[in-house]
Amino acid sequence: LTTILFFSDQIQAVESTIRHITIQGNTRTRTEVIQRELLFKSGESLDTSRVAETERNLRQLFFLGKVEIQVRKKDGLADITVLVQDLYARALSPNLSGESDELSYGLVALDFNLLGRGQVLAITGNHDAISGNSATVHYQNPRLNGSRRSLTTRVGLGEEGHDLRLSLTQSFYTLDTPWAYGINLNSRERTLRFYTNQSLSDRYEDRTDGYNFWLFHSA
């Protein structure tokens, strides 16, 4: 009678703990703007899926170019380096259209990274040959008070009416985020013109006010 004994050793993977997080490469963008996008922090166990999600989120920011997250593990500890590259985020663009006797013109000033805070500001001044002068200010704060909620406002005023919009949203920012939602408020007043054979045949004032709310659940 032969007895055969089997011995098995189970090697359990040791999770690494995040020790240091370093952010490098940002010149205009404030470090805290990048930190608030991180889905991990010091003292937590390393989750490579959260690292990959963070890299994808950072790449979606208009004011960042190259994004790379490096992880170095040793003796159960992990040091993470977030490498980014700032893009030029300002623009000044003129608008010109129409014939010489009915010329429309304007100017747009745009900043995708206002004061290095990751906020968007666009200011437009316009002269329309038919409707007259108007000005619009567009502002977006993608991390309202440091939260995951985004605030977008648009204030447009002109000689023939207004265009006012306010939006508060929260999108899916991780794969396990269960809900995304938003609410939009708007008010618009304008003058509509109808032409027959290139001649004005009718005009009337039009105003709409409304709101909508949306909610999505991720299974």
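The model is predicted: local features need pLDDT of at least 70, side-chain atom pairs count only at pLDDT 80 or more, and totals for chains, interfaces and linings use all residues. Residues are numbered from 1 along each chain as its sequence is written, and side-chain values use heavy atoms, with hydrogens and water left out.

**Exercise 1.** Determine whether H162 is buried or exposed, and find its side-chain polar partner.

Solution. Start with the location: H162 belongs to strand 9 (residues 161–170); strands are DSSP runs of E with at least two residues, numbered from the N terminus. Its relative accessibility is 14%, so H162 counts as buried (buried: under 20% relative accessible area, 1.4 Å probe, protein chains only). Next, the side chain of H162 makes a polar contact of 2.9 Å with the side chain of S187 (N or O atoms within 3.5 Å, one able to donate a hydrogen and the other to accept it; residues adjacent in sequence count only if both atoms are side-chain atoms).

**Exercise 2.** Check the length of helix 2 (residues 48–59).

Solution. The expected span is 1.5 Å times one less than the number of residues.

**Exercise 3.** Give the strand order of the open sheet of eight strands and name its edge strands.

Solution. The order is 4-5-6-7-8-9-10-11, with antiparallel pairing (at least two DSSP bridges between two strands). Strand 4 (90–99) and strand 11 (199–217) are the edges, each pairing on one side only.

Technical notes: Helices (H or I, at least four residues) and strands (E, at least two) are DSSP runs, numbered from the N terminus. Buried means under 20% relative accessible area, exposed over 50%, partly exposed in between (1.4 Å probe, protein chains only).
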